[in-house]
Each structure stands twice: as C-alpha cells, then as structure tokens.
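The sequence and the structure are shown first.

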Amino acid sequence: MRHTITVLVQNHYGVLSKVSGLIARRGFNIESLAVGITDDPEISRMTIVVDCDDSGIEQVEKQLNKLIPTIKVRVLEQGSYIERELTMLKVSCTAKNRAEIMNLADIMHARIVDVAASSMTLELTDTTARTEHFISLMRPFGIKELVRTGISAIESSAASAKKN
C-alpha cells in the first residue's frame, strides 16, 4: 500500500542520505521523495511516498523519529491531504499538430513554457493521476524529454481543523 509521510528535519548535509538509507535498509521502496527548505532556512521538509504495509509504515515512522536531525514525522491519512507534482515535458510538434497540443495543454491546465520549430515544452502541476493522464495524451506526439519532481503534500485545512 502507498503511504505519504512528511518529515521536518534540520537542514544539514547528509540528512537526506540518512533518511533514504533508513527506509531502504528496511526493504521498502521509495516511490517519490521531494525535499525543500521551509520558511525557516534551518529546517527542510521531506515528502516521502513509500510502498509498504501498515505495520511497515509504523516501523518507518518510529525509526524516523529516532534520527537525530528529525524534528517531526507525520504519516498523512488517505484523503486528508493535498498532493501535487510538477512535470515538464518536451514533445515533438509540427505546424500541423501545434494547435492540437496547445488545445490539450489548455484543457489539462498545463502551461507552455518554451516553443521551438520542432518541439514544445509544457509544464503541469497536478495530482499523480492527472499527470499520468496528461503524459498519455502527449505520448502520441512523441515525448522527447520528461522530468517529474516527485510528490509534495500538505495536510488539508479540513483535516487540520479536526485535530484541533
């Protein structure tokens, strides 16, 4: 089962290696890992998507809490958070299909960030499911390059209110 974890850690070198190593040593696959600093430059936030069962995620949570650079660990409950990932893809295009690509980008709320004679680069920030759908729509045009950031997640306001 897929679980999303957010971890606040001290923004020091080697922390990413410690966290990913801890999860890997337990034999769990990290499907997605996104890291960035928070409003405090001394603290980074990691969003980790792990494929494991419920007992495995409890083990990961406990072990992460034991790491020295860890400040806070939260396993997000399904349906209680908002997740997005950034995708940029460069597709082949010609004068004939340029309008079709632009139309699909508009329908999917993707932005056109670069246009060349034989290609177009698009940017989409959305859920994983919609991202996969967008990629499948672009595949027939010929994907030249594809970059995905991994999932970033934040607890929804409704879920936060229930806890308080």
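## Basis of the description

The model is a predicted one: local features need pLDDT of at least 70, side-chain atom pairs count only at pLDDT 80 or more, and totals for chains, interfaces and linings use all residues. Residues are numbered from 1 along each chain as its sequence is written, and side-chain values rest on heavy atoms, with hydrogens and water left out.

## Overall fold

The protein contains 5 helices and 8 strands. Both kinds of element are DSSP runs numbered from the N terminus, helices being H or I with at least four residues and strands E with at least two. In sequence order the pattern is β-α-β-β-α-β-β-α-β-β-α-β-α. The C-alpha trace spans about 60 × 35 × 30 Å along its principal axes.

Of the 164 residues, 38% count as buried. Buried denotes under 20% relative accessible area, exposed over 50%, and partly exposed the range in between, with a 1.4 Å probe and protein chains only. A contact denotes heavy atoms within 4.5 Å. Among contacts between residues at least 6 apart in sequence, 73% join residues at least 24 apart.

## Nonpolar cores

In soluble globular proteins, nonpolar side chains tend to be buried together. A nonpolar core is here a set of buried Ala, Val, Leu, Ile, Met, Phe, Trp, Tyr and Cys residues joined through side-chain atoms within 4.5 Å. The largest one has 17 residues, and Ile 5, Val 7, Val 19, Ile 23 and Leu 64 touch the most other members. Strand 1, helix 1 (15-25), strand 3 (43-51) and helix 2 (54-66) each contribute at least two residues to this core. Helix 1 provides the largest share, 4 residues.

Leaving aside residues up to four places away in sequence, Val 7 touches Ser 44, Arg 45, Met 46, Ile 48, Leu 64, Thr 70, Lys 72 and Val 73. A second, separate core has 14 residues, among them Leu 89, Ala 110, Leu 122 and Phe 134.

## The pairing of helices 3 and 4

Two packed helices are described by the angle between their axes and the distance between the axes. Axes are lines fitted to C-alpha atoms, for helices over the stretch in contact, and angles run from 0 to 180 degrees between N-to-C directions. The axes of helix 3 (residues 98-107) and helix 4 (residues 128-138) come within 11 Å and cross at roughly 170°. The two helices are therefore roughly antiparallel, a term used for angles over 145 degrees.

On the helix 3 side the contact involves Ile 101, Leu 104, Ala 105 and Ile 107, and on the helix 4 side Arg 130, Phe 134, Leu 137 and Met 138. These residues divide into 7 nonpolar, no polar and 1 charged. Nonpolar covers Ala, Val, Leu, Ile, Met, Phe, Trp, Tyr, Cys and Pro, charged covers Asp, Glu, Lys and Arg, and polar covers the others, Gly among them.

## Salt bridges

The structure holds 8 salt bridges, each a side-chain nitrogen of Lys or Arg within 4 Å of a carboxyl oxygen of Asp or Glu. One of them joins Glu 83 and Arg 2, at 3.8 Å from N to O. Glu 83 belongs to strand 5 (residues 81-92) and Arg 2 to strand 1 (residues 2-10), 81 residues apart. Glu 83 is buried at 14% relative accessibility, whereas Arg 2 is partly exposed at 35%.

Glu 145 and Lys 90 also form a salt bridge, at 3.8 Å from N to O. This pair links strand 8 (residues 143-155), which holds Glu 145, to strand 5, which holds Lys 90, 55 residues apart. A further salt bridge joins Arg 111 and Glu 123 at 3.3 Å, N to O. Arg 111 is in strand 6 (residues 111-115) and Glu 123 in strand 7 (residues 119-126), so the pair ties together parts 12 residues apart in sequence. Salt bridges with shared partners join Arg 2, Glu 31 and Glu 83 into one network.

## Two individual residues

Most residues other than glycine have a negative phi. His 109 has a phi near 65°, a positive value in a residue other than glycine. His 109 lies in the loop between helix 3 and strand 6 and is exposed, at 64% relative accessibility.

Lys 144 lies in strand 8 and is partly exposed, with a relative accessible area of 46%. Not counting residues up to four places away in sequence, Lys 144 touches Lys 90, Val 91, Ser 92, Ser 118 and Ser 119. The C-alpha atoms of Lys 144 and Ser 119 are separated by 8.3 Å, although the two residues are 25 residues apart along the chain.

How values were computed: Parallel < 35°, antiparallel > 145°, perpendicular 65-115°, else oblique.
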